[in-house]
Each structure stands twice: as C-alpha cells, then as structure tokens.
Amino acid sequence: MTTTATHTTERHLFTIAHHWRDLREHLATRGTTWPPTMGIGIISRRDQDEEQAEAATWRAEALRALERDPAQPGWTAAPLRLDVLDTMVTVQAGLLELADQTAAAVQHAPITPAPARRSWPDDPRARRTAEADDRRRNQLALRESKNPRRWRYTGEQRTAPLAALWLLARTQGVRGPWRPLTDAEQQRIDTVARVSADLVERALDVGDGCVRLAALCPECTGPLDMRGGAGATPVVRCSSCGRTWSHRPT
C-alpha cells in the first residue's frame with residue numbers, strides 16, 4: 001500500500017476507537033441527524049440498492065411507530081436510539097471478524113508448556129539440563145499467554161475499540177508475535193476500516209457526506225449532488241452549472 005493509503009487506514013481505525021465512547025453516550029439521546037426529510041436516508045453508500053434503502057427506511061419508521069403506540073405496554077418511546085445501536089452492533093461484528101481472520105493468518109502460535117515427562121535421563125547432569133529446559137519453556141509459555149499484544153479469540157478485550165487499535169498496530173508495522181501483513185491483508189483492513197469509520201461518523205454526524213440524487217437540475221438537466229454532515233446544513237449542487245439549493249429543487 002502507498003503511504004497515503006496507509007495513513008488513511010490509520011485515521012479510519014483511530015476514528016472508530018476515539019468515537020466509540022461518543023456512540024455509547026448517544027445511545028440514550030434523542031434528536032434527528034442528517035439527512036433530514038428532503039431525501040436521502042443513507043450517505044455515501046453508493047453501492048446500496050434503492051429498494052434496500054427504501055425497505056430499511058420503512059422498517060425503521062415502522063419500529064419507531066410501534067414503540068410510540070400508546071397501546072404498547074411500558075414506555076411509549078424507545079430507551080435507545082436504534083440507529084446508533086445498529087451502527088455499534090454492525091461495526092463491532094465487522095471489526096471482530098476482521099481481527100479474528102487477520103490474527104489467524106499472521107499471529108504466531110503461542111508457546112505451549114513443556115509436556116509432562118514419564119521418565120528422566122539417568123545421568124544427573126543430563127537430568128538437570130532437561131529440567132532447566134522445561135522450566136525455561138514453561139516460563140516462556142506463561143509469559144506468552146499473558147502477552148497483551150496478542151489478539152485473543154475470547155475474553156473481555158473483544159470490543160470494537162480494542163479491535164480497531166490492534167488492527168491499527170498491524171497497519172503501523174508494530175513488532176510482536178506476528179508476521180508483516182501482505183498487500184491483500186492490508187487492503188482488507190483498509191476496506192473494513194473505511195466502511196466502519198463512515199458508519200460511525202454518520203451515526204454521530206461528525207463526517208461529511210455526498211450522494212448523487214435521482215432528480216436532474218431544473219436549469220440545465222445536469223446531475224445533482226447533495227452534501228452535508230458534520231453539523232452543516234445539507235446543500236444540493238448541480239455538477240454541471242454549479243447552481244445550489246438549500247432544499248431539493250422542484
């Protein structure tokens with residue numbers, strides 16, 4: 001990978017780890033995020049089918065309507081923001097799977113303790129040497145089992161921010177019990193990091209977004225792009241004539 005691409009991947013992974021606490025705080029908050037009712041439900045997901053986007057929008061609206069239904073027992077409003085929760089579940093699942101796959105490919109197998117001996121050499125000197133070898137191996141195995149740099153497939157460290165930081169160290173070439181990444185492995189990390197960071201930024205409305213609208217410019221019939229995010233008011237701009245609108249043109 002080029003240096004620029006590597007720096008971009010590092011920035012994406014750091015964004016995920018840095019903003020994860022913000023996502024937790026936003027779980028219990030209420031409010032609207034960009035884009036508003038003027039049109040686009042998902043930013044920068046150009047590869048998503050329009051029918052899938054519409055189905056996801058209708059599903060979210062139906063869930064919110066059900067939660068607000070006075071006939072439902074208990075609270076009439078969702079205690080959590082479903083969009084933020086969905087982002088956290090999706091990003092964490094993707095990063096954990098990526099870390100598991102990467103570790104399985106690049107991480108060296110841990111040193112195992114010395115097997116129990118059924119017999120020892122009769123020669124006292126040879127026995128002392130064998131005992132010393134076994135102690136040394138057991139010490140190395142114990143040290144390796146507690147190595148915090150190793151990725152583990154079970155335990156409390158299996159969270160999105162820790163997975164992002166572990167993958168960040170692999171991208172930066174930090175030395176440890178693993179081999180360097182191949183180009184294909186680095187590219188896979190880059191792809192997952194980019195998509196995950198985009199989801200996090202959109203959930204928090206801290207990133208910029210751009211999407212091509214289906215409608216054409218009413219002045220020159222050129223393509224229309226809607227940009228927004230990071231707290232800014234969405235703006236529609238024609239790529240041909242350059243005219244802009246603060247709302248969808250009719």
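I began with Arg158 and Asp100, whose side chains meet in a salt bridge at 2.8 Å, N to O. The term asks for a side-chain nitrogen of Lys or Arg within 4 Å of a carboxyl oxygen of Asp or Glu. This pair links distant parts of the chain: Arg158 is in the loop between helix 4 and helix 5, Asp100 is in helix 3, and 58 residues separate them. Helices (H or I, at least four residues) and strands (E, at least two) are DSSP runs, numbered from the N terminus.

A note to myself on the source: this is a predicted model, where local features need pLDDT of at least 70 and side-chain atom pairs count only at pLDDT 80 or more, while totals for chains, interfaces and linings use all residues. Residues are numbered from 1 along each chain as its sequence is written, and side-chain values use heavy atoms, with hydrogens and water left out.

Side chains of opposite charge can pair when their charged atoms come close.

I looked next at helix 4, residues 124-145. Arg127 and Glu131 meet there in a salt bridge, 3.1 Å from N to O. They are four residues apart in helix 4, so about one helical turn separates them.

Asp133 forms a salt bridge with Arg136, and their closest N and O atoms are 3.0 Å apart. Both lie in helix 4, three residues apart, which is about one turn of the helix. Asp133 is partly exposed at 37% relative accessibility, and Arg136 is partly exposed at 46%.

**Entry: the tryptophans**

I then went looking for aromatic rings and noted two aromatic pairs in the structure. Rings of Phe, Tyr and Trp (its six-membered ring) pair if their centres lie within 6.5 Å; planes under 30 degrees apart count as stacked, over 60 as edge-to-face and the rest as tilted.

Trp151 and Trp166 have ring centres 5.7 Å apart and planes at 45°, so I logged this pair as tilted. Trp151 lies in the loop between helix 4 and helix 5 (160-172), and Trp166 in helix 5, so the pair ties together parts that are 15 residues apart in sequence. Both Trp151 and Trp166 are buried.

How are the rings of Trp166 and Trp178 arranged? Their centres are 6.1 Å apart and their planes are at 85°, so this pair is edge-to-face. Trp166 in helix 5 and Trp178 in the loop between helix 5 and helix 6 (183-204) are twelve residues apart, and the pair links distant parts of the chain. Trp178 is buried, as is Trp166.

**Entry: stops along helix 3**

Ala104 is in helix 3 and counts as exposed at 58% relative accessibility. Ala104 and Trp178 are 74 residues apart in sequence, yet 9.8 Å apart in space, C-alpha to C-alpha.

Thr87 is in helix 3 as well, but at 9% relative accessibility Thr87 counts as buried. Leaving out residues up to four places away in sequence, I saw Thr87 touch Leu199, Val200 and Ala203; contact means heavy atoms within 4.5 Å.

Val89 is in helix 3 (residues 82-106) and is exposed at 53% relative accessibility.

**Entry: a turn of phi**

My last stop was Thr221, in the loop between strand 1 (208-216) and strand 2 (223-229). Phi of Thr221 is near 60°, a positive value in a residue other than glycine. Most residues other than glycine have a negative phi. Thr221 is exposed, with a relative accessible area of 55%.

Notes: Buried < 20%, exposed > 50% of the residue type's maximum accessible area, 1.4 Å probe, protein only.
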